[in-house]
Amino acid sequence: MLGLLIRRCNLSPGCIQPQSRLFSTSSALQISRKNEPKIRTPSKKALAAKTRRKAAAAAKEDQRLLKLPLSDAISVLRAVEVANPKSTYELYVKTEVGNGVAVPRGRVNLPREAKPKAEDKILVFAEGRQAEEARKAGAHIVGGPELIEGILNNRHRATTILCTPSLIRAITPKLGRFLGPLGLMPSERRGTVTEDIAGYIQRLHGTSEWRADRTGSIRAPIAMMTFPVTDVETNFRQFIASVKRATGNAKDTDAAERKLKSAGGARPITPITKVMLSSSRGPGIRISDF
């Protein structure tokens, strides 16, 4: 019965059919959309000003913190560790690593080592006469592009990888993303892409390697508690000088020559924001004169 009434209503000319309203084209909705507030995007100048304000506030807060000269910090730690003569001095350096910047790493030759040095395993990409010179100098693994698969499969593991300029283009496409995050990719800036492979290997002997983690923090033992104060200070200065050279905070003639040869231009400077000295059971003391 209900279906018959609906059918008659549709057939009769006086029956009014419902009309659909097009909300998307209504003038009222278009007016309301025009009045909506737009999201404000800060300009580059405003962002730079905000960064400067944050840096100024951080510097002001940093000035309020207690800092001691190196000699006073050593005296405090020696007093804390008077019952533990086998303790070590631990150095902590905080660097500000930006996006796309490799973590700092380098080598240092401390006048008096705190711990026995770990043996480096050196892998060299070289061919011909340079490969023979690398083997005579003490390289553990020497070869050409055939070593790439062994590195990717972790069959060849090394702490230092060197390469000649003639082979760097052959290994970069496959090893760049693999060795880059590990800090092992040869580069002209670090001096690991060189013609003088034998000379570089000879410079490695008698030195120890340090490397920052992904946050830019460097931790290393620099002396024993039984060392004289002068030896502790000498090791501290030597290590900090190595960090400054690696981060671009100190002038280095060799690095300047490599920078002119490389096509990348000027080397970015990684700021050093904090230097602390501590011991095995002592507090961390910020150093003012580094």
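Guide: The account below starts with the strand and its partners, then moves to the loops, the salt bridges and a charged patch.

This is a predicted model, in which local features need pLDDT of at least 70 and side-chain atom pairs count only at pLDDT 80 or more, while totals for chains, interfaces and linings use all residues. Residues are numbered from 1 along each chain as its sequence is written, and side-chain values use heavy atoms, with hydrogens and water left out.

Strand β1 covers residues 88–95 (helices, H or I, of at least four residues and strands, E, of at least two are DSSP runs, numbered from the N terminus). Of its 8 residues, 6 are buried, so the strand is mostly covered (buried means under 20% relative accessible area, exposed over 50%, partly exposed in between, with a 1.4 Å probe and protein chains only). β1 pairs with strand β7, residues 217–224, through 7 bridges, and the two run antiparallel (strands pair if DSSP finds at least two bridges between them). Within this pairing, Y89 has A223 of β7 as its bridge partner. β1 is also joined by 7 bridges to strand β8, residues 272–279, again in antiparallel fashion. There, L91 is placed opposite L277 of β8.

The loop between β1 and β2 (105–108) holds A102. A102 counts as partly exposed because its relative accessibility is 36%.

A search of the whole structure finds 6 salt bridges (a side-chain nitrogen of Lys or Arg within 4 Å of a carboxyl oxygen of Asp or Glu). One of them joins E209 to R105, with 1.7 Å between the closest N and O atoms. E209 lies in strand β6 (residues 208–211) and R105 in strand β2, so this contact ties together parts 104 residues apart in sequence. R105 is buried because its relative accessible area is 16%, whereas E209, at 31%, counts as partly exposed.

A salt bridge also links R112 and D231, the closest N and O atoms being 3.0 Å apart. R112 lies in the loop between β2 and β3 (122–125) and D231 in helix α9 (residues 229–247), so the parts tied together are 119 residues apart in sequence. R112 is partly exposed at 36% relative accessible area, and D231 is partly exposed at 25%.

Helix α9 also carries R237, and D289 is in the segment after β9 (285–286), 52 residues away. R237 is partly exposed, at 39% relative accessible area, and D289 is partly exposed at 32%.

Most residues other than glycine have a negative phi. N154 is not a glycine, yet has a positive phi of about 60°. N154 sits in the loop between α6 (148–152) and β5 (160–163), and its 42% relative accessibility makes it partly exposed.

K45, K50, R52, R53 and K54 form a patch of positive charge on the surface (residues with over 30% relative accessible area and no salt bridge, like charges being joined within 9 Å). Among them, K50 belongs to helix α3 (residues 44–64) and counts as partly exposed at 43% relative accessibility.

Technical notes: Patches are made of residues with over 30% relative accessible area and no salt bridge: like charges are joined within 9 Å, nonpolar side chains (Val, Leu, Ile, Met, Phe, Trp, Tyr) within 5 Å. Accessible areas come from the Shrake-Rupley method with a 1.4 Å probe; for residues, only the protein chains shown count as cover. Lys and Arg count as positive and Asp and Glu as negative; His and the chain ends are not counted. The place of a charge is taken as NZ of Lys, CZ of Arg, CG of Asp or CD of Glu.
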